[in-house]
Amino acid sequence: MSAQQLMRPSAPRRWYADPARLALLALLVSAALCFLLPLYVMSLTSFKSMEEIRNTSLFALPPQLSFAAWQAAWSSACTGVACEGISAGFWNSVLIVIPSTLIAVGLGALNGYALAFWRLRGAGSLFAVLMIGAFLPIQVMMLPLVRLLAPLHLVGTLTGIIIVHVIFSMPVMTLIFRNYYAALPRELFLAARLDGAGFLYAFLRLMLPMSLPMLAVAAIMQATGVWNDYLLGLVFAGREHLPMTVQLNNLVNTTTGTREYNVDMAATLLTALVPLLIYALAGRWFVRGIAAGSLKA
Amino acid sequence: MTALTVEQLSVQLGGRRVIDQLDLQVESGEFLVLLGASGCGKSTLLHTVAGLQAPHSGRVLIDGVDRTWSDPGERNVGMVFQSYALYPTLSVEGNLGFGLRARGVARREVRERVLRVAQLLQLDALLERKPAQLSGGQRQRVAIGRALVREAGLLLLDEPLSNLDAGLRATLRRELKLLHQRLGATMIHVTHDQVEALTLATRLAVMQEGRIRQLGTPEEVYRRPANRFVAGFIGSPAMNFIEGSIARVGASLQFCATGLRIDLPAQLFNAAPPLDGESLVLGLRPEHIRFATAPGVSSAQIAHSGQDAHIGAGKVSLIEPLGSHEVLWLELECGTVAALNHQGQRYNRGELVKLAVDAAAVSLFDATSGERC
Amino acid sequence: MNTRRIDRGLRRAHLALVPMALVALVCYLGATLWSLRISLSSSRSFPVSDFVGLAQYRRLFSNERWLHSLGNLATYGLLFVAACLVIGWLLAILIEREVRIGGALRLVFLYPYAMSFVATGLVWQWMLNPGLGIQEAVRRWGFSEFRFDWLVDQDHALYTIVIATVWQASGLVMTILLAGMRGIDADIWRAARIDAVPAWRLHLWVIAPMLAAPFATATLLLLTGVAKLYDAVVAMTQGGPGTASEVPTKFIMDHLFGRANIALASAGAAVLVLSALIVMMPLFYARARSNRRNA
């Protein structure tokens, strides 16, 4: 039931006949336009040539569509020493995101299941430590983690960056699954125990299939989160596996000579494309993820 | 044969003793109902028998085998939960076979046993459905079937009717009783609903604060409640209690309260009859109070009909019509009592009504201990 | 005491929680304590285990750049949280009132939240570019005196980061508050209609207090973002011009990896953690209390 329906149930006037509503609508629409402006500007700029950028307004449509900047951003712009565009970064990010998401979501579900249904001594305190840790800046744990992973030869490797992503996403992944499972009737779990199902059998055959929607929500959260990460990639991924965000920042902020804003914006759009696509296709699930992640701890 | 033996069982929850040195034996084929208010430990007892709750001390024997510390899956008990706890992602067939598959029973055998139980419970047409597509009654049958498929010797039912609306509850209650008669399985049923308890049980255990206060057939428990708690817990409207004392009049005993004297038949007492002057509480079921002014029954008739005894006149203070009968609340000198009026005779508020009781049907309780005399 | 276990599965459950236990105890608790220990040593490039007391903290608080970073973070945090809450709240109210159009626009306000801080910083860096960005565009429209060069202005650079991140995160607040509003009993809206309470009054005095828990949640998430602020600064201003938009996390990172002074960096990290906990604890407490009340 919406507030609006409740406020005006009887023969509502048409929206254009009500000045107060008209004002509200105008406000809402202009706010939306403001929010869309950066995306609009970014797209326009990426299709202009540098010549056109200098000669036309920021908000003006390009006289002719040019894909040169996109091409350059993808395959020939300089990201530091190398000038191969950010395509390598794209593939690095893909390689990082897929295992980080699968492992983190799987572990989160397992932790959540164990915490919600199995009364384990000390598990509550462990979870509390995890939850407090989630609110602390990563920089505090950065150096010790480097020192911990270095002797295992994991710093600067794909495995290393994946492990680090799993570590730092564990609090929120565990939280959302713990809350999800805790909201299920406990009798369901007891019935499975009486049916002779063990720890893993009940998890794999019963709880996991029941949490399919949450698995999707968590996967979307985790995939966008890992894709958008900059700091961990910068420190742990190593030169070989720098994710797209780090390459993008290098491309824009460390180029020598004249800056090519059209290439910058094309590269930015390319980097933002994956999360934006996920968002466009699964916005509703994305919203559910926010609700789940912000639930009470 | 004994299906379940509980010996000196104590269970603690959060430092509180929820079940206190409880003993119980359930014979094969019985329908035992555990009745009590919420928090009396009846569900905890059930969970402990199932192995879902660890006891503090004592033993649980199922089919003669000590199962106190067995894994719930090993005990060969089935359980029907309040919410039925059907696995929502699995079909009816998947639900019925889950326990067998978890134990690694061969696929063909699972299929055969599921089909057999499905036929028994008339679920064979619904095997492909998901729980969400079933009616309340069908869900209950699946929940029971899940226990039957495993050929569980003991069926535990944890308030399986309490989440339903009144109409469906009555239907499923009947269905449950028929099922028990047909299967002859041993069932232990937990409820806080006395109608459910009285109608279903072959034996009834009334629980309070972790103890069984009375164990017997529903008729025994209703007619001869062992103590004041049981007496007050069962029956609606509740039993009337009148405080008074005993007076010896010649060879017979009389119960005396303000404005009230009742001659007590000797066979009323369990053991030794009470002493002269001892304080007692008289328990009187509303249906055992008769109206002397009822049509066709003159007061003289009542006075001479054997064990009926006048208890004086009461003023009608409240009338609760219930369709088939009505409950009259009457002010007596010794307090307010409820009585049932089945006769269709109309009374008005404020009217004085002459009353009589069936003295053989009264209960007497010790004033301090509350135990039946 | 009972040593016998009723649940055999319990052993497997314990086993399954080993990864979580390792992460919580080693990577979170252990790492934080280790950082604390290092902050009490004289370590430079490599950790050494001597003990110099609070010397690093004294150095830290006589370091201009650190003090400036802390001040920046406080200003930024205040502006960012306030702006996000106000904008997010207004958007939520508008959307709740104009369901048909608002529902469609809801996703427009949240899309920036799907973007990375780096991308966010770079877009706004471009839009706020004094030579070719908004300032120039407005001048082309004829307002030749128009000035909007905060990005390169010592006194205003920090605000550009506020603008960019508020754009990114207001949708989050809106989403959380909308979810909260949906949970409010529909009879409240009905009662307000019968009492003829104007909508703004209802929202301000009735609905907003009922949304205390979602507001606290949103604030907590925003504050976490404040403490972690790093990517956006690096992408947008690199802390400049000068040290105008330096933040503590950047100070820590620079001293960890660039300037090889890990003890000083760890001291900074410890101070940051402590401030974060001090600011967030009351919110944690308030939220836990209101959750318990609602339970």
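How far apart do the C-alpha centres of domain 1 of chain A and domain 2 of chain A lie? They lie 34 Å apart. Keep in mind that this is a predicted model.

**View 1. Chain A comes with two assigned domains.** Domain 1 covers residues 11-66, and domain 2 covers 87-293, going by the domain assignment. Pick out those two stretches before zooming in on the place where they touch.

**View 2. Here domain 1 of chain A meets domain 2 of chain A.** Nine residues of domain 1 are in contact with nine residues of domain 2. Put together, the two domains bury about 690 Å² between them, and 81% of that is on carbon and sulfur atoms. On the domain 1 side, look for A:Met42, A:Ser46 and A:Met50: these lose the most area to domain 2, together 65% of what that side buries.

**View 3. Now for the polar side of the interface between domain 1 and domain 2 of chain A.** What the rule does find is one residue pair in polar contact, with both residues at pLDDT 80 or more.

View 4. The largest share, five residues, comes from H2(A). Sort the residues of this touching side of domain 1 by type and you get four nonpolar, four polar and one charged.

Definitions and conventions. Residues numbered from 1 in each chain as written. Chains lettered and ligands numbered in written order. Predicted model: local features only at pLDDT ≥ 70, side-chain atom pairs only at ≥ 80, totals over all residues. Heavy atoms only, no water. Domains from an automatic or database assignment. Contact = heavy atoms within 4.5 Å. Buried area = accessible area lost by both parts, 1.4 Å probe. Polar contact = N/O pair within 3.5 Å; in protein donor to acceptor, adjacent residues only side chain to side chain. Helix = DSSP H or I, 4+ residues; strand = E, 2+ residues; numbered from the N terminus. Nonpolar A, V, L, I, M, F, W, Y, C, P; charged D, E, K, R; others polar.
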